[in-house]
Number of protein chains: 2
Amino acid sequence: MADKLILDGKIVSNEVKMKLKDRVDKLADIGITPCLATILVGEDPSSETYVKMKGNACEKLGIISKRIHLSADITTDTLLQTISELNEDDGVHGILLQHPVPDHIDERCAFESIAIEKDVDGVTSLGYGQTAFGFGVYPSCTPAAIMQIIDYFDIQVEGKNAVVVGRSPILGKPVSALLLNRNATVTTCHSYTENLELHLSQADIVVAAVGKPNFIQGSWLKEGAVVIDAGYNKGNVGDVDYESCYKKASAITPVPGGVGPVTISMLLKHTVESAERTVKI
Amino acid sequence: MADKLILDGKIVSNEVKMKLKDRVDKLADIGITPCLATILVGEDPSSETYVKMKGNACEKLGIISKRIHLSADITTDTLLQTISELNEDDGVHGILLQHPVPDHIDERCAFESIAIEKDVDGVTSLGYGQTAFGFGVYPSCTPAAIMQIIDYFDIQVEGKNAVVVGRSPILGKPVSALLLNRNATVTTCHSYTENLELHLSQADIVVAAVGKPNFIQGSWLKEGAVVIDAGYNKGNVGDVDYESCYKKASAITPVPGGVGPVTISMLLKHTVESAERTVKI
């Protein structure tokens with residue numbers, strides 16, 4: 001058996017950022033600075049932290065972070081108006097609406113209103129459809145990060161059985177689509193799945209995106225499986241019971257330091273690409 | 001064991017059409033006649049037959065069939081222009097571009113140019129994305145037909161293992177999405193799948209959408225599986241080896257007379273719904 005592989009997201013993330021730095025410099029040479037607009041609605045502390053992290057990551061790379069903070073009591077219409085203005089603003093290359101917004105706001109409607117060419121966070125149904133059909137340019141960032149990790153560590157996908165646990169619009173569904181496009185046989189499992197352990201026992205690649213701390217047990221896995229933990233729960237733990245899964249897996253992402261840091265890099269990458277596309281047009 | 005069930009598409013199709021007739025009459029009362037525009041490019045005899053069948057089915061139900069036949073040597077731009085005019089035409093409620101178009105034409109680009117509210121055939125990536133996210137109104141017609149058959153015969157989907165063999169944008173992918181939205185655990189198999197028989201042996205529901213005559217063998221199936229044959233190959237045969245699969249299955253669609261007739265009914269249904277929506281707006 002090959003050595004156990006820890007899929008270190010920080011290494012991947014650093015490589016991505018290093019390459020991006022060059023691209024940002026090249027854009028600067030022609031007078032363009034990529035700009036990501038982030039919209040935060042309300043005062044949720046976790047959301048504030050996430051938005052701040054993303055903004056800081058932008059600035060560190062020379063990307064403008066345009067931070068919009070709206071009060072919790074705005075209407076859906078006000079949010080749509082804000083997004084519409086950002087859609088029209090030539091200086092803005094990417095728009096990120098931080099999830100979740102307060103309950104009285106129609107989040108899906110707001111997501112859908114983001115212009116496809118600025119949907120660098122990959123939240124629109126159009127972006128998802130294009131990704132699933134193989135010509136999308138900005139897949140949702142966590143799925144994109146998973147594929148980046150898989151590619152960096154040269155993990156074979158074609159012909160493999162991939163089991164994705166979870167089916168959210170920004171994670172389970174798009175990562176299933178990306179794995180399928182790379183010729184994996186993909187099974188999407190979820191809360192109604194009746195024999196999750198059977199499915200997992202046959203999986204060469206497991207993606208955990210279920211939002212339950214330490215949920216996936218090593219005893220459920222096939223010996224030598226590749227385990228990607230896309231979960232992030234309170235107490236800094238993923239969806240995978242790391243200790244037991246580590247023993248069974250041939251390769252595994254840690255939490256923290258696995259998928260998370262690469263996800264932010266994908267957001268930066270998409271923003272830079274969007275800025276580059278404004279030049280090519 | 002329950003009786004073997006032949007999933008007769010003609011019964012389903014007739015019921016759908018009967019209900020639609022009432023809706024067409026109600027629209028007539030307020031001066032609206034649903035209209036489906038079909039675009040055929042070139043002289044492919046099978047395509048001509050398909051378009052004719054669809055047009056005739058429209059007319060039989062009181063839906064206007066606006067048939068546009070373009071010569072094989074038109075450019076993509078000409079096709080886009082035609083679609084654009086139909087998008088703008090308030091008298092047209094649905095647009096169907098018959099697949100395939102000649103090789104020199106960018107078919108995907110043409111599909112994508114169909115306005116979402118007239119995409120009654122469910123070919124756009126936006127329509128697919130909306131369907132996968134659970135709020136699409138016109139899923140691709142064959143997947144919609146499959147769900148209609150499943151519902152008509154009261155086949156349980158929730159929690160079941162569904163294996164879809166095939167991953168085309170208008171069949172394998174959307175039917176996988178629809179089954180997932182109905183809480184099946186869905187595995188999408190294809191030409192790179194390494195152990196198709198293992199997957200099929202665990203499937204409660206099998207959807208064959210692979211385009212290979214008599215491909216799926218009864219010996220591969222789980223006893224009592226529900227078998228949906230969405231294939232249609234030369235010689236009037238499906239993707240399923242009917243004789244051997246019939247013995248193993250608890251329920252099975254015949255070819256012809258299974259999914260096919262319901263598919264056309266779904267096209268009519270979507271066209272009528274599109275006409276109804278112009279009133280509601």
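Which residue forms a salt bridge with A:Asp25, and how far apart are the closest N and O atoms? A:Lys21 is the partner, with those atoms 3.8 Å apart. Before going on, note that this is a predicted model: local features need pLDDT of at least 70, side-chain atom pairs count only at pLDDT 80 or more, and totals for chains, interfaces and linings use all residues. Residues are numbered from 1 along each chain as its sequence is written, chains are lettered from A and ligands numbered from 1 in the order in which they are written, and side-chain values use heavy atoms, with hydrogens and water left out.

**Salt bridges**

- Over all chains, the whole structure has 18 salt bridges (a side-chain nitrogen of Lys or Arg within 4 Å of a carboxyl oxygen of Asp or Glu).
- A:Asp25 and A:Lys21 sit 4 residues apart in helix α1 of chain A, so about one helical turn separates them. (Helices are DSSP runs of H or I with at least four residues, strands are E runs of at least two, and both are numbered from the N terminus.)
- A:Asp25 is partly exposed at 37% relative accessible area, and A:Lys21 is also partly exposed, at 33%. (Buried means under 20%, exposed over 50%, partly exposed in between, with a 1.4 Å probe and protein chains only.)
- Helix α1 (residues 9-29) of chain A also holds A:Glu15 and A:Lys19, again 4 residues apart, and their side chains meet in a salt bridge of 3.8 Å, N to O.
- Of that pair, A:Glu15 is partly exposed at 29%, while A:Lys19 is exposed at 51%.
- Over in chain B, B:Glu273 pairs with B:Arg23 in a salt bridge, closest N and O atoms 3.8 Å apart.
- Because B:Glu273 lies in helix α10 (residues 259-280) and B:Arg23 in helix α1 (residues 9-29), this pair ties together parts of chain B that are 250 residues apart in sequence.
- In chain A, salt bridges with shared partners link A:Arg23, A:Lys269, A:Glu273 and A:Glu276 into one network.

- UniProt (unreviewed entry) puts a "binding site" feature at A:Gly166, A:Arg167 and A:Ser168; positions are in the numbering used here, feature names are shortened, and annotations may be inferred rather than shown by experiment.
- A:Gly166 sits in the loop between β5 (161-165) and α7 (172-181) of chain A and is buried, at 8%.
- A:Arg167 lies in the loop between β5 and α7 too, but counts as partly exposed at 22%.
- Setting aside neighbours within four places in sequence, A:Arg167 has contacts that include B:Leu180, B:Asn181 and B:Asn183 (contact means heavy atoms within 4.5 Å).
- The A:Arg167 side chain reaches the backbone oxygen of B:Leu180 at 2.8 Å.
- B:Leu180 is one of the buried residues of α7(B), a helix with 9 of its 10 residues buried.
- After α7(B) comes B:Asn183, with a positive phi near 70 degrees.

- UniProt (unreviewed entry) lists residues 140-277 of chain A as "domain: Tetrahydrofolate dehydrogenase/cyclohydrolase NAD(P)-binding".
- That span is 39% helix and 14% strand, and its end C-alpha atoms lie 18 Å apart.
- A:Asn233, in the loop between β8 (226-229) and α9 (242-248) of chain A, is buried at 12%.

Definitions and conventions. Polar contact = N/O pair within 3.5 Å; in protein donor to acceptor, adjacent residues only side chain to side chain.
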